[in-house]
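Biologist: I would like to learn how to read a few backbone and packing features. Could we take them one at a time?

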Amino acid sequence: MMQAEPTPLDEPGQTGHIGHADRRRRMDSTGEHGPMKPTKGWSLDFTGRPRLSAVLSIALLMAAFGSTGVRAAGYDPANDVNSMASTTDYTGAQAWWADGYTGKGVDVAVIDSGVSPVEGLNTPGKVIYGPDLSLESQASNLTDLDTFGHGTFMAGLIAGRDSPLTAPYQQAPASAYRGMAPDARIVSIKVATADGGTDVSQVIAAIDWVVQHRNDDGLNIRVLNISYGTNSSQWFGVDPLAFAVEQAWDAGIVVVAAAGNSGYQTKGSSPALANPAYDKRIIAVGASDSMGTMTQVDDTVPDFSAAAKTGSARAPDFVAPGVHLQGLRVPNSFIDTNVDGKTVLDDRFMRGSGTSEATALAAGSAALILSKYPHATPDQVKRLLKLGAYDLPACGRTGTMGSGELQLSRLLTYALPVYTQTVAPGTGTGTLEGSRGSDHLTRDGVVLRGEQDIFGKPFDSAAMAALEAAGISWSGGTWNGSSWSGSSWSGSSWSGSSWSGSSWSGNSWSSSSWSGNSWSGSSWSGSSWSGSSWSGNSWSGNSWSGNSWSGNSWSGNSWSGNSWSAAGWN
């Protein structure tokens with residue numbers, strides 16, 4: 001029998017921020033005004049430009065759009081409503097820290113583009129590296145590291161913490177960077193390359209690995225962050241990616257996924273929310289805009305945040321701050337050097353906007369809840385977050401904001417609800433191609449399509465679903481009949497392996513995958529990656545070294561997708 005809902009602390013029309021009703025409006029230091037209106041569904045904001053063909057090389061895309069940006073003069077987080085100091089304050093995360101709940105003991109798996117050990121994520125033991133399942137795993141100087149710049153940004157929002165910091169974190173100055181759950185640990189599973197390239201088969205394999213290794217010696221993976229999504233063409237009840245996240249949910253892992261960006265998600269016959277967020281069993285998160293104030297009363301939902309198309313369609317469960325957020329840079333990453341219009345705050349920080357960022361804040365919030373209620377089920381965590389959400393007066397449409405905007409302060413006084421969802425589980429028997437939607441990888445001119453993974457191995461969705469349900473889709477380092485990784489831990493990293501055989505294009509991985517010095521087209525020749533950007537400044541292990549992309553970059557490979565659910569970097 002379900003417990004009665006607690007009474008919210010705020011009446012309609014009152015502020016959702018305890019203790020912040022009298023804060024005056026403050027614009028952040030770069031002077032951004034109003035919501036963004038991006039047209040892309042992943043981490044780049046090409047506002048006002050038409051969406052390119054789904055088979056267009058990212059190299060050509062980068063040739064068409066420059067890499068100009070704005071650098072904020074004298075950035076001061078104390079005067080920035082969208083800094084993490086302010087965001088953790090007005091969302092109520094700092095109230096949880098003050099009560100002793102900081103995410104300690106909770107591991108958050110981040111399936112993304114890897115994590116680089118920048119300040120804020122370089123404390124020993126902060127980041128554990130699972131298998132690198134990306135196409136960059138075959139370049140030893142790139143393994144596990146974030147050449148894109150997306151995964152590091154998300155990991156920082158979830159659990160970043162400057163290395164000198166100690167509790168009580170809420171008393172630290174605004175200049176000290178803290179994510180939502182500063183004592184949680186990140187388990188990074190890299191699936192994407194420097195241009196964001198990944199296939200659904202890689203993401204499914206990563207989810208399956210998380211499920212099977214969630215309780216490996218010393219691990220306690222209770223949250224899975226997926227700031228990613230496709231515009232699947234099939235019902236979530238049969239979709240293989242949706243089925244994979246349901247297995248994680250059933251294994252006790254709180255799955256938090258990005259609702260997606262509507263300019264991309266409403267294309268064609270896709271549902272309003274991205275896949276896997278459109279699965280009703282997990283947590284789907286949309287984005288909200290602070291409007292430059294520390295009170296939630298005037299907060300809105302930006303146009304880019306995907307919403308329900310109709311009254312019966314799946315809406316986000318709630319929204320969380322996702323506009324102009326301060327986050328960690330990966331210097332000389334793809335986003336850092338090639339995205340037009342980004343806002344660089346200083347040597348360490350840049351801004352990010354989108355449902356990717358909102359999802360990361362929600363994942364950190366789930367870690368806080370689990371540090372207080374370690375035995376809570378995913379259903380209970382989802383219910384609690386929805387109960388505490390603040391109904392936005394400026395929005396007023398549940399199809400857009402779901403239950404409202406993330407607000408943690410009131411949840412400290414709520415009892416953990418006794419609750420079990422009644423949504424029927426999926427079967428996972430749909431097609432891998434339907435799960436991809438319009439997102440496809442291309443290698444040597446061959447597009448990855450149909451029922452095959454990146455190795456060209458046939459993908460039998462019904463057979464894979466049976467293995468996933470039994471928790472045995474991985475056998476050592478083998479998944480779907482191919483060796484994807486090593487089979488054991490080596491210190492704080494999962495072991496890797498050299499890929500043998502051929503890719504979907506019919507060519508062997510060793511023949512041309514990492515030869516040459518440029519991307520397809522001419523975007524990466526000259527001094528981009530092989531010259532001044534990464535040479536002398538790339539990541540090797542846990543520090544910068546003299547390694548570079550030269551000799552290990554792409555040749556004839558491209559990404560046509562829009563799956564990383566951030567809307568822009570400003």
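**Reading the backbone and a helix pair**

Modeller: P168 lies in the loop between helix 4 (150-159) and strand 4 (185-190); helices (H or I, at least four residues) and strands (E, at least two) are DSSP runs, numbered from the N terminus. This is a predicted model, in which local features need pLDDT of at least 70, side-chain atom pairs count only at pLDDT 80 or more, and totals for chains, interfaces and linings use all residues. Residues are numbered from 1 along each chain as its sequence is written, and side-chain values use heavy atoms, leaving out hydrogens and water.

Biologist: Which residues does a cis peptide bond join, with omega about 5 degrees?

Modeller: Most peptide bonds are trans. Here a cis bond joins A167 and P168, with omega about 5 degrees. Another cis bond joins N275 and P276, where omega is about 20 degrees. P276 sits in the loop between helix 7 (262-265) and strand 7 (283-288).

Biologist: What is the phi of N332?

Modeller: Most residues other than glycine have a negative phi. N332 is not a glycine, yet its phi is positive, about 70 degrees. N332 belongs to the loop between strand 9 (325-328) and helix 8 (334-338).

Biologist: How is a pair of packed helices described?

Modeller: By the angle between their axes and the distance between the axes. The axes of helix 9 (residues 355-372) and helix 10 (residues 378-388) come within 11 Å and cross at roughly 115 degrees. Axes are lines fitted to C-alpha atoms, for helices over the stretch in contact, with angles from 0 to 180 degrees between N-to-C directions.

Biologist: Which residues meet there?

Modeller: S365, A366, I369 and L370 in helix 9 meet V381, L384 and L385 in helix 10; contact means heavy atoms within 4.5 Å.
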